[in-house]
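The structure is shown first.

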Amino acid sequence: RVCLDLGLSDVVEVVETQGAYRISDLDILFYAPMRNNSFSSLLMAARLNAAVVATDLPGLDEFIDDTKTGFLVPVNEVKPAAELILRLADNESLRKGMAGLYSKNANERFAPDRLASLYQEALFSGRVEKKAAHRAA
(Lines give C-alpha, C1' and ligand atoms only; values in the text may rest on other atoms or scores of the structure.)
Protein backbone atom coordinates (compact mmCIF):
# COMPACT_ATOMS: atom_id res chain seq x y z
CA ARG A 1 0.00 0.00 0.00
CA VAL A 2 2.81 2.42 0.87
CA CYS A 3 4.47 1.85 -2.50
CA LEU A 4 1.20 2.43 -4.32
CA ASP A 5 0.51 5.63 -2.36
CA LEU A 6 3.98 6.96 -3.18
CA GLY A 7 3.87 5.92 -6.83
CA LEU A 8 6.71 3.45 -6.42
CA SER A 9 4.98 0.32 -7.61
CA ASP A 10 7.07 0.36 -10.79
CA VAL A 11 10.40 0.37 -8.87
CA VAL A 12 9.60 -1.73 -5.81
CA GLU A 13 8.98 -5.41 -6.24
CA VAL A 14 8.15 -7.75 -3.40
CA VAL A 15 9.28 -11.31 -4.01
CA GLU A 16 9.38 -14.28 -1.70
CA THR A 17 12.72 -16.00 -1.29
CA GLN A 18 11.29 -19.52 -1.45
CA GLY A 19 10.46 -19.08 -5.11
CA ALA A 20 12.42 -17.96 -8.12
CA TYR A 21 13.66 -14.42 -7.87
CA ARG A 22 16.32 -12.19 -9.35
CA ILE A 23 18.49 -11.15 -6.43
CA SER A 24 21.08 -9.79 -8.84
CA ASP A 25 18.61 -7.03 -9.73
CA LEU A 26 18.26 -5.81 -6.16
CA ASP A 27 19.47 -2.50 -4.74
CA ILE A 28 17.82 -3.19 -1.38
CA LEU A 29 17.07 -6.53 0.23
CA PHE A 30 14.28 -6.71 2.80
CA TYR A 31 14.92 -9.90 4.71
CA ALA A 32 11.93 -10.94 6.79
CA PRO A 33 12.00 -14.70 7.31
CA MET A 34 9.47 -16.40 9.53
CA ARG A 35 12.40 -18.20 11.18
CA ASN A 36 16.13 -17.87 10.75
CA ASN A 37 16.82 -21.11 8.93
CA SER A 38 18.96 -19.77 6.09
CA PHE A 39 21.08 -16.69 5.73
CA SER A 40 22.09 -17.29 2.13
CA SER A 41 20.07 -14.29 0.89
CA LEU A 42 22.03 -12.05 3.25
CA LEU A 43 25.33 -13.40 1.99
CA MET A 44 24.21 -12.97 -1.60
CA ALA A 45 23.19 -9.36 -0.86
CA ALA A 46 26.70 -8.76 0.46
CA ARG A 47 28.25 -10.19 -2.70
CA LEU A 48 26.00 -7.97 -4.83
CA ASN A 49 26.46 -4.75 -2.81
CA ALA A 50 22.77 -4.49 -1.91
CA ALA A 51 21.63 -2.54 1.14
CA VAL A 52 19.75 -4.60 3.74
CA VAL A 53 16.72 -4.04 5.92
CA ALA A 54 15.99 -7.11 8.04
CA THR A 55 13.80 -8.19 10.90
CA ASP A 56 15.57 -8.52 14.23
CA LEU A 57 15.29 -12.28 14.60
CA PRO A 58 17.96 -13.79 16.88
CA GLY A 59 21.20 -14.24 14.99
CA LEU A 60 20.67 -11.52 12.39
CA ASP A 61 22.76 -9.09 14.42
CA GLU A 62 25.69 -11.35 13.50
CA PHE A 63 25.22 -10.08 9.93
CA ILE A 64 23.78 -6.60 10.36
CA ASP A 65 25.19 -3.88 12.61
CA ASP A 66 22.01 -1.82 12.98
CA THR A 67 22.22 1.66 11.41
CA LYS A 68 25.79 1.02 10.20
CA THR A 69 25.72 -1.90 7.78
CA GLY A 70 21.95 -2.13 7.44
CA PHE A 71 18.77 -1.70 9.41
CA LEU A 72 17.09 -4.12 11.82
CA VAL A 73 13.39 -3.71 12.50
CA PRO A 74 11.08 -5.53 14.92
CA VAL A 75 9.39 -8.61 13.49
CA ASN A 76 5.91 -7.82 12.11
CA GLU A 77 6.51 -4.05 12.18
CA VAL A 78 5.69 -3.29 8.56
CA LYS A 79 5.55 0.51 8.67
CA PRO A 80 9.07 1.10 10.11
CA ALA A 81 10.47 -1.41 7.61
CA ALA A 82 8.71 0.33 4.71
CA GLU A 83 9.95 3.72 5.89
CA LEU A 84 13.55 2.47 6.03
CA ILE A 85 13.30 0.85 2.60
CA LEU A 86 11.96 4.10 1.15
CA ARG A 87 14.67 6.08 2.96
CA LEU A 88 17.33 3.90 1.33
CA ALA A 89 15.60 4.11 -2.04
CA ASP A 90 15.52 7.92 -1.84
CA ASN A 91 19.10 8.37 -0.60
CA GLU A 92 21.63 6.89 -2.99
CA SER A 93 24.58 7.97 -0.86
CA LEU A 94 23.20 6.29 2.26
CA ARG A 95 22.17 3.18 0.31
CA LYS A 96 25.53 2.74 -1.41
CA GLY A 97 27.55 3.61 1.69
CA MET A 98 25.65 1.18 3.88
CA ALA A 99 25.72 -1.52 1.20
CA GLY A 100 29.46 -1.07 0.68
CA LEU A 101 30.23 -1.35 4.39
CA TYR A 102 27.91 -4.35 4.75
CA SER A 103 29.52 -6.04 1.76
CA LYS A 104 33.04 -5.40 3.05
CA ASN A 105 32.27 -6.67 6.56
CA ALA A 106 30.28 -9.72 5.45
CA ASN A 107 32.76 -10.72 2.77
CA GLU A 108 35.61 -10.52 5.28
CA ARG A 109 33.76 -12.20 8.13
CA PHE A 110 32.09 -14.96 6.13
CA ALA A 111 34.71 -15.55 3.44
CA PRO A 112 34.81 -19.27 2.60
CA ASP A 113 38.56 -19.59 3.25
CA ARG A 114 38.24 -17.86 6.63
CA LEU A 115 35.32 -20.09 7.65
CA ALA A 116 37.13 -23.22 6.47
CA SER A 117 40.15 -22.23 8.55
CA LEU A 118 37.98 -21.64 11.63
CA TYR A 119 36.26 -25.01 11.21
CA GLN A 120 39.59 -26.73 10.59
CA GLU A 121 40.96 -25.27 13.81
CA ALA A 122 37.83 -26.02 15.83
CA LEU A 123 37.44 -29.57 14.59
CA PHE A 124 41.00 -30.78 14.35
CA SER A 125 43.39 -28.74 16.51
CA GLY A 126 42.33 -30.55 19.68
CA ARG A 127 42.66 -33.92 17.96
CA VAL A 128 46.21 -33.20 16.82
CA GLU A 129 47.20 -32.07 20.33
CA LYS A 130 45.52 -35.15 21.86
CA LYS A 131 47.29 -37.51 19.46
CA ALA A 132 50.65 -35.86 20.19
CA ALA A 133 50.08 -36.12 23.94
CA HIS A 134 48.95 -39.74 23.58
CA ARG A 135 52.08 -40.60 21.57
CA ALA A 136 54.33 -38.90 24.14
CA ALA A 137 52.83 -40.95 26.95
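Leu-29 has Val-52 of β2 as its opposite residue. The model is a predicted one. Further along, Tyr-31 has Ala-54 of β2 as its bridge partner, and Ala-54 in turn stands opposite Leu-72 in β3.

These pairs belong to an open sheet of 3 strands, ordered β1-β2-β3, with parallel pairing. The edge positions are taken by β1 (28–31) and β3 (71–73); each has a single partner strand, so one side of each lacks a neighbour in the sheet. On average, neighbouring strands are turned by 15° against each other, direction ignored.

| Strand pair | Bridges | Sense |
|---|---|---|
| β1 and β2 (residues 51–55) | 4 bridges | parallel |
| β2 and β3 | 3 bridges | parallel |

Is strand β2 enclosed or open to the outside? Of its 5 residues, 5 are buried, so β2 is largely enclosed by the rest of the structure. Here, buried means under 20% relative accessible area. Both faces of β2 are covered: one side carries Ala-51, Val-53 and Thr-55, the other Val-52 and Ala-54, and all are buried.

Helix α3 (residues 78–90) lies across β1, β2 and β3, and runs at about 160° to β3.

The surface patch involves another helix. Tyr-119, found in helix α5 (residues 112–136), is exposed, with a relative accessible area of 54%. Together with Leu-123 and Phe-124, Tyr-119 makes a nonpolar surface patch of about 330 Å².

How values were computed:
Residues numbered from 1 in each chain as written. Predicted model: local features only at pLDDT ≥ 70, side-chain atom pairs only at ≥ 80, totals over all residues. Heavy atoms only, no water. Patch = residues over 30% accessible without salt bridge, like charges linked within 9 Å, V, L, I, M, F, W, Y side chains within 5 Å. Areas by Shrake-Rupley, 256 points an atom, 1.4 Å probe, with all protein chains shown as cover. Salt bridge = Lys/Arg side-chain N within 4 Å of Asp/Glu carboxyl O. Helix = DSSP H or I, 4+ residues; strand = E, 2+ residues; numbered from the N terminus. Buried < 20%, exposed > 50% of the residue type's maximum accessible area, 1.4 Å probe, protein only. Pairing = 2+ DSSP bridges. Axes fitted to C-alpha atoms, helices over the stretch in contact; angles between N-to-C directions. Contact = heavy atoms within 4.5 Å.
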